[in-house]
Amino acid sequence: MSQPQHPLAWLAWLALAFSAALTTRNPLYLMLILLALVVVYQTTPTRTQTSGAWSSFIRLGIFFGVIGVGFDTLTAHIGDTVLFWLPADWPIIGGRITLEAVIHGLTGVIQLACLLVAGAVFSQTLDAALLLRFVPPAFYHSGLVLTIGLAFIPQTVLAFQEIRDAQRIRGHQFRAARDWLPLVGPLLTTGLERAVQLAESMEARGLGYSAASGQGARGNIQAGWPTQLGLLLGGLGLSFALFGLGYWGRAWWNLALGLVGAGILLWTLRRLMPGSQRTRYRRVVWGRADQLLATLSLLGLLGLMGILLTRPLDLFYTPYPRLTWPSFEVWLGVAYLLLLLPMLVQGSKQHDRV
Amino acid sequence: MREKFFEFVQQVAQGLALDYKSSVSLIGWYIGLCASAGHNRTLDDKSSASRTWRCSHASRIGWLVVVVGLACLALPANAQPRDNRVGLVVQFGNEAVVTGCYAYTPGMTGLDLLRRAGLETAIEYQSIGALVCRIGAPTIGADGCDYPREDCLCQARTLPWRYWAYWRLEGDSWVYADRSLSGRTLQPGDVDGWAWGIGTTDFGAKPPRLTFDNICPAPTQTPSPVPTSAPPVLPTATATEPPTRTPTASATVTLSPTPPPSWTPTVPPTDTRVVTSALTPGVIPSPALTPFPTSSPLAEPGQFTPTRIPTASPVIVSPTLPIATPSHTPGPTLRPALTAPLVAGQSVTPTLAPPGVSPTSTPTQPTTTTPTSQASVARVDLTRLTPVVEGGGSTGVSQTPPLSYAFFVVLIAGLLVYLLGRRRGVG
C-alpha cells in the first residue's frame, strides 16, 4: 500500500492527534500518546526542506515547557505534599511549594511535547504549497498569508542554525547570555531581508490582483455599497451572536442571527475575492492509504468525542489537591495507538531520518 | 476611637517594617548583580590585578547583601495575632448559612479553610488558582456544578450568572475577593465568605452580615457538666412544631471542629438575627420531628449533624454545643439526606426578628438549657463528620486494577523497543 499523501487525510490524523493530547491530562495516556507520535515522527518520510528544523523547534518548545514547570511550581500554592515553604511575604512565589504543582507542570510539558511532535509530523510530511491547493478560492489570499506565517517558524530556526554555525566557524563561543548578541543581530536582519524578498516576489506574481475586474485589491474593496453593507451587516450579526452566547445562551434567535451574519459575511467575502481559476499540472491522488487514514482518524475522533460526552471521568486527571496514581483503562490505551496509523498504513519508505 | 487609632498606628508600623525589608532585599539584589557584572568584565580584562581584586570583593559583598536582604524578607511580620482562629461563612442558594471557626495554622490559604470545613466541594484546579464549582452540606443541599462531569461554571454561562462568590470579611463588611482562594494566605482572625447566587464579573451574592465574634465566639463560660444519665428535655414550644420547610426560611448552622471549650447554656432575651452558641443542649422528643437514622453511613456515635431548621426566621444551630441523646438511640447520628426538612436534637428558638437586625443582638425568647452529662456531649468534628468530596477524581485510591498498569508498561516498553531497534538499525 502506498503511503498517505493527501492533505485532507493528514488533516484528519492531525485533528485526532491534537484532540487526543488536549482532552486529557492523565500522564499515563499522555506518555503513550507522546511515544506513539515520536514513533510516527521517526518513521514517516520527510518531504519538506524545513523538516530538519523541527527537531530544534521541539527542543526549544520543551525548554520553554520546563520553564513552565518552574513557573507552575512556584506560583501554584496548591497541594498537600509540601516540598518546602517560601516566605509568605514574597510576592507571587511566596507560600508552599508542592509536589502536586510539579506533577501538574510536568503533565503540561508532556502535553506540549505531544502537540509539537504532531505538528512536526504534519509539517515534515506535507508541503505548504500542497495545503494551499485545498483552500477555497475566496480565501486563497488568507490561506497564503497563513501558510507563510506557518512556514516562518521553521525557516527562522533554520536561519538560526546557519548563523550559529557560521559564527562558530569564525571562532565565536556561546558561553554567556551576552555571547548570543552576535547571533541575534544577523538573525533579525536575515528575517527582514526575507520578508522584503517575499513581498517583492508576491507583488511580482500579482498577489491581490483580480483578473475579473482588472483592478488591484484596493479597487475590490471599493466595489460598491452592497459589498460594504454586506460586510457591515454580516460582521455585526456575527459579533452580536457571539457576544450574545455569553448572555442569552443558545437561544434560537441568537443562533439564527449568527447563521445569518455568517452567511452574509461569506457571501460578501466571496463577492470581494472571486479568486482565479487555477489549473494543476500534478493532481493530488486520493489513494487507498489516504482513505484508510482519514476514515480511521475520523472514527477515532468521533470515539474521543463520545468518551468526552459520556464518560469524561475516564480522561480526567488532576494531581490536586492530593497526588494520586492516575487511572488507566486498557481499551483507551489501545485506542490511543490509532495515532500510529500513518506508520501502519504506509508501505515503502522513501528515505528515513538519520 | 482610641482603639482604632492604635490599630491604624500598628498597621502603619507593620507596613513600614515590610517596606524596609523589601527595600533592603532589592538593594541587595541590585548591588549583587552590578558587582557580579563588574567582576566578570574585569576577569576578561587581565591588565589590572588590583581592579580585579576590588571587583571580586565587591561581588562577594554584593552577594552577601543579597543573602541578608533575602533573610530580612523571609523574616515573619511582627503582626500581633488577634485570635488564633479563622472563620468561614457559607451561604447557600436557599439562604441557609453555615459558619465555622477553625484553628489557624501558618500558611493556611482560603482553599485549606474550605477543605477543612469538611463540606462537599467540587473544585477545579488550575495553574493560576482554584475555582470553586460546587459546595454542599448534609441536610442543606448543594449548589453549583458537578465538575468534572460538567463545566465548573455551568450556571454562569448565560444570564443570570450564578456562581460561588468569594468574599473576605474586613471589619464588619464583606469585601469581594480579588484573589483566588488558593492565592489568599489567611492571617489569624480572618474570615472567608462564600455565597451562591446571581452575580456579575466583579460582584456576586454576598454572605450575611456577621462579625468575627459572631462566627468565633470568645470562650466566656465553662459549663460544669451535670452527671445525669437521663436525657434532658428542653420544653421549647417552638421546637415541637411540625417541620414544614418554608422556601423563604433561612438557617444558620455553626460548624466548629475545634470549638471553644465553653458554651452558653442560656440565651439572653434579645432580637437577634444570628446567634452563635445560643443553642441548648437538649433533645425535644417530639414525634413530629424526624429521628436520626442510626444506620447513616456518615454518622458516628456521639456526633451531631448540622441541620436545617424549618422556621420563618433565621436561627442558628450550633453543633459545637453539647446535646443530649434520645433515649432509644445510643447517640445522635447523621442524616445523610440533603433535603431532610429537620432533624431531631434541635434546641432552636425561632425568632421573629425582621431582616436587617443588628447581628450583635440576641434572641427575643430565652432558651433554657440543661447541661447534660459529659458522656452525652457531642462536638462536631467536620473532618470526621462529613467526608470531603472533592471534584477532580482524586479519591485517594485508584480504581485501576494492577493488570491494566501492567498492560500500560507492556505498551510503553513495546514502543520503546521499536524505537531503539529502529535507531540501531538506522545507525
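**Two chains, a few close looks**

Let's start with one residue: leaving aside residues up to four places away in sequence, B:Asp112 touches A:Arg96 and B:Gly107. Keep in mind that this is a predicted model. Where does B:Asp112 sit? In helix H3 of chain B, residues 110-116. Is B:Asp112 buried or exposed? The cut-off for buried is under 20% relative accessible area. B:Asp112 has 14% relative accessibility, so it counts as buried. Its side chain also has a polar atom 3.1 Å from the backbone nitrogen of B:Thr109.

Now chain B as a whole. It has six helices and ten strands. The chain has 427 residues, and 51% of them count as buried. Take the contacts in chain B between residues at least 6 apart in sequence: 76% of those join residues at least 24 apart.

Next, some backbone details in chain B. B:Glu95 is not a glycine, yet its phi is positive, near 70 degrees. B:Glu95 is in the loop between strand E1 (85-91) and strand E2 (97-103). At 42% relative accessibility, B:Glu95 is partly exposed. B:Thr139 also has a positive phi, about 70 degrees, without being a glycine. B:Thr139 lies in the loop between strand E4 (129-137) and E5. B:Thr139 is buried, with a relative accessible area of 1%.

On to cis peptide bonds. In chain B, the bond from B:Tyr147 to B:Pro148 is cis, with omega near 5 degrees. B:Pro148 is in the loop between strand E5 (141-144) and strand E6 (162-170). In chain A, the bond from A:Tyr320 to A:Pro321 is cis, with omega near -10 degrees. A:Pro321 lies in the loop between helix H11 (288-310) and helix H12 (330-336).

Staying with chain A, look at the helices. H1 (residues 7-22) and H4 (residues 99-125) pack at about 175 degrees, with axes 9 Å apart. Angles over 145 degrees count as roughly antiparallel. H1(A) and H4(A) are therefore roughly antiparallel to each other. Which kinds of residue make up this contact? There are 13 nonpolar, three polar and no charged. On the H1(A) side they include A:Trp10, A:Trp13 and A:Phe18. On the H4(A) side, A:Cys114, A:Leu115 and A:Phe122 are among them.

Last, helix H2 of chain A, residues 27-43. H2(A) has 17 residues and reaches 24 Å from first C-alpha to last, close to the 24 Å expected. Of those 17 residues, 14 are buried, so H2(A) is mostly covered. A:Asn26 caps the N-terminal end of H2(A), with a side-chain oxygen 2.9 Å from the backbone nitrogen of A:Leu28.

Technical notes. Residues are numbered from 1 along each chain as its sequence is written. Chains are lettered from A and ligands numbered from 1 in the order in which they are written. This is a predicted model: local features need pLDDT of at least 70, side-chain atom pairs count only at pLDDT 80 or more; totals for chains, interfaces and linings use all residues. Side-chain values use heavy atoms; hydrogens and water are left out. Helices (H or I, at least four residues) and strands (E, at least two) are DSSP runs, numbered from the N terminus. The expected span of a helix is 1.5 Å times one less than its number of residues. Buried means under 20% relative accessible area, exposed over 50%, partly exposed in between (1.4 Å probe, protein chains only). A polar contact is a pair of N or O atoms within 3.5 Å; within protein, one must be able to donate a hydrogen and the other to accept it, and residues adjacent in sequence count only if both atoms are side-chain atoms. Axes are lines fitted to C-alpha atoms, for helices over the stretch in contact, and angles run from 0 to 180 degrees between N-to-C directions. Angles under 35 degrees count as roughly parallel, over 145 as roughly antiparallel, 65 to 115 as roughly perpendicular and the rest as oblique. Contact means heavy atoms within 4.5 Å. Ala, Val, Leu, Ile, Met, Phe, Trp, Tyr, Cys and Pro count as nonpolar, Asp, Glu, Lys and Arg as charged, and the others, Gly among them, as polar.
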